[in-house]
Each structure stands twice: as C-alpha cells, then as structure tokens.
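Please look over the sequence and the model shown here, and then read the notes that follow, which are grouped by topic.

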Amino acid sequence: MKTIFISGTAGAGKSLLTSKLYDYYTKNRAFAAILNLDPGVENMPYTCDIDVRDYVDYVSIMQKYDLGPNGALVMANDLIASKIDEIQNEVNRVNPDYLIVDTPGQIELFAYRSSGPFLVENISSEEKTNIFLFDGALITTPVNFVSIALLATSIKLRLNISTVNVLTKTDLIGTKLKDILQWTTSLSKLEDAIGKEADGETYSLTTNILRGLNFGGFAQGLIPISNVTGDGFVNLEGALSRILNLGEEIED
Ligand SMILES: Nc1nc2c(ncn2[C@@H]2O[C@H](COP(=O)(O)OP(=O)(O)O)[C@@H](O)[C@H]2O)c(=O)[nH]1
Ligand SMILES: [Mg+2]
C-alpha cells in the first residue's frame, strides 16, 4: 500500500482533490481507498472507506467538555493520534494499493500540533508522500505566492516526507496561470514581479525568503490542476507514480 496525504490551506481543494484522485485511480483500474482525517467536516464530496469521525466525535466533545467549536476542533484533532490502532486496523482490512488521506480543513491543527505528524510517521505503508495544495484563488500577487511557498516549506518540515506541490483552481485564474508558472521556473522573473508590487521592508523580506526557499528548490515542478475540469491530472499522477514507485525500487 502507498499512502498519499492531501494538505493545503482551508478551502484550497483538499477534499475535492481527494475525491477526484480516487475517481482517477479507480478509472485506471487501481485499487484506491479514502481515509478522512477531518473530525470537523460535515459534507464531503466522496464516500470514505475509513472515517476518523467514527472514532472522534467533535459534537460530543463540545458538549462533554463544555467547549466552543474552536476548542472542540483542537481537542478532536489532538485525539486522532490516540486512535491510530483502530485506524490502522481498518486500513489493513481494506488494504488498497493507494490510500488517499484527506486532512483536516485547518492545516495548523493537523501539521503544527503533534497528532498529524505522529500519524504521518506511524501509519504503516510501503511508501508515503504529501501533496501540498497552493490555492490558485489565493495567489493573486507574487508576494502571496512566496508566502504560500513558505507555508508549503514549513509543512514539509513538519510532516517530514516527500512533497508534491500542486496549484489548484486553474480553471478560475485565467491568464494568471501563465505568470505563476513563469515565476516557478525563473527566479529573476519572480524577483522582477515582486519589485513591481512591493518596496521597502516587504520587498527585502520577500526576496530574502525567496532566495532561502529557492535554495531548497521550493516550487520547482509546481503542477497546475483543476479539480473541476480534470486538467493536469495526468501530470499529477505521473509525479506521484515517480515518487511512489521510486521508493519501491529502492526497497527491492
Ligand atoms: N473552480 C474550482 N473550484 C474548486 C477547485 N478545487 C476545489 N474547488 C472548490 O473550492 C471549495 C473548497 O474545496 P474543498 O475541497 O472543500 O477544500 P478543502 O477545505 O481544502 O477541503 C469547494 O467549493 C470546491 O468545490 C478547483 O480546482 N476549481
Ligand atoms: Mg476538506
């Protein structure tokens, strides 16, 4: 089994991508299954095989501990780690080739508290990777782009597994897509664009962060997709397969 975690800012398209990636694998005759790790989700665009809400009940946490919605969400996310054996048993029972894991809506609850990294590290799987979603609708300026790349890098540090960077909602952003893709391949074009938008402290902070990130190859290979039209899914599947299958070769 290979595990694909889907992370990204709230509303970036994690749940919709989970559903579309599942459809994509299933159509191509691979055995995929979905694990929902979001205890607070009410509606999701798929039927999941394994659901953390069967083990962590966010509404009863609110009542039992007299917490408001935010406090209960924090507690519910923290409790995920204590349910790893139950989750692992269910995963083993389903035993798919690809386990697609939809992560909590608020990324900080998953990535910056201990439960998320614990689960990523300890769920038993031949190979693991994380898809980080850059929300196309949020990247309105080059400074925003760098700040989301900084977040992507920070999440990579926390989860400590290989990451595939993906840009979502390409169907909504029109000609901006061309600019964004150019920024990912040419540091000088991105610095020029930052210079047109920002000055003073913002300019120097952004360009310094960018240089640090670029050192680690931050946005190389950003894969543009639309969860609505399906554009880019072939490229995404190719990138996943290179990571997940390379691991298998190393193991042999
Ligand atoms: N147009 C468009 N809408 C999208 C795309 N991906 C997600 N959405 C929409 O964005 C909203 C948030 O998506 P969701 O998958 O729930 O985000 P999550 O919070 O990261 O799980 C929903 O209304 C989705 O239908 C996309 O690629 N294109
Ligand atoms: Mg979601």
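Which residue in β4 is the bridge partner of I34? The partner is I100, and the points below place this pair in its surroundings. This is a predicted model, in which local features need pLDDT of at least 70 and side-chain atom pairs count only at pLDDT 80 or more, while totals for chains, interfaces and linings use all residues. Residues are numbered from 1 along each chain as its sequence is written, and chains are lettered from A and ligands numbered from 1 in the order in which they are written.

**Strand β2 and its partners**

- Helices (H or I, at least four residues) and strands (E, at least two) are DSSP runs, numbered from the N terminus, and two strands pair if DSSP finds at least two bridges between them.
- With strand β4 (residues 98-102), β2 pairs in the parallel sense over 5 bridges.
- With strand β3 (residues 50-51), β2 pairs in the parallel sense over 2 bridges, and there the bridge partner of N36 is D51.

**Burial of β2**

- A residue is buried if 20 or more other C-beta atoms, placed from the backbone, lie within 10 Å of its own.
- Because 5 of the 5 residues of β2 (residues 32-36) are buried, the strand is largely enclosed by the rest of the structure.
- A32, I34 and N36 point one way from β2, whereas A33 and L35 point the other way.

**Around ligand 1**

- Ligand 1 is surrounded by 16 residues (C-beta atom, placed from the backbone, within 6 Å of the molecule), and the closest are G13, K14, S15, L16 and N227.
- Helix α1 (14-27) and helix α8 (170-173) each supply at least two residues of this shell, with α1 giving the most, 3 residues.

Conventions. A residue is buried if 20 or more other C-beta atoms lie within 10 Å of its own, exposed if 12 or fewer, and partly exposed in between; C-beta atoms are placed from the backbone.
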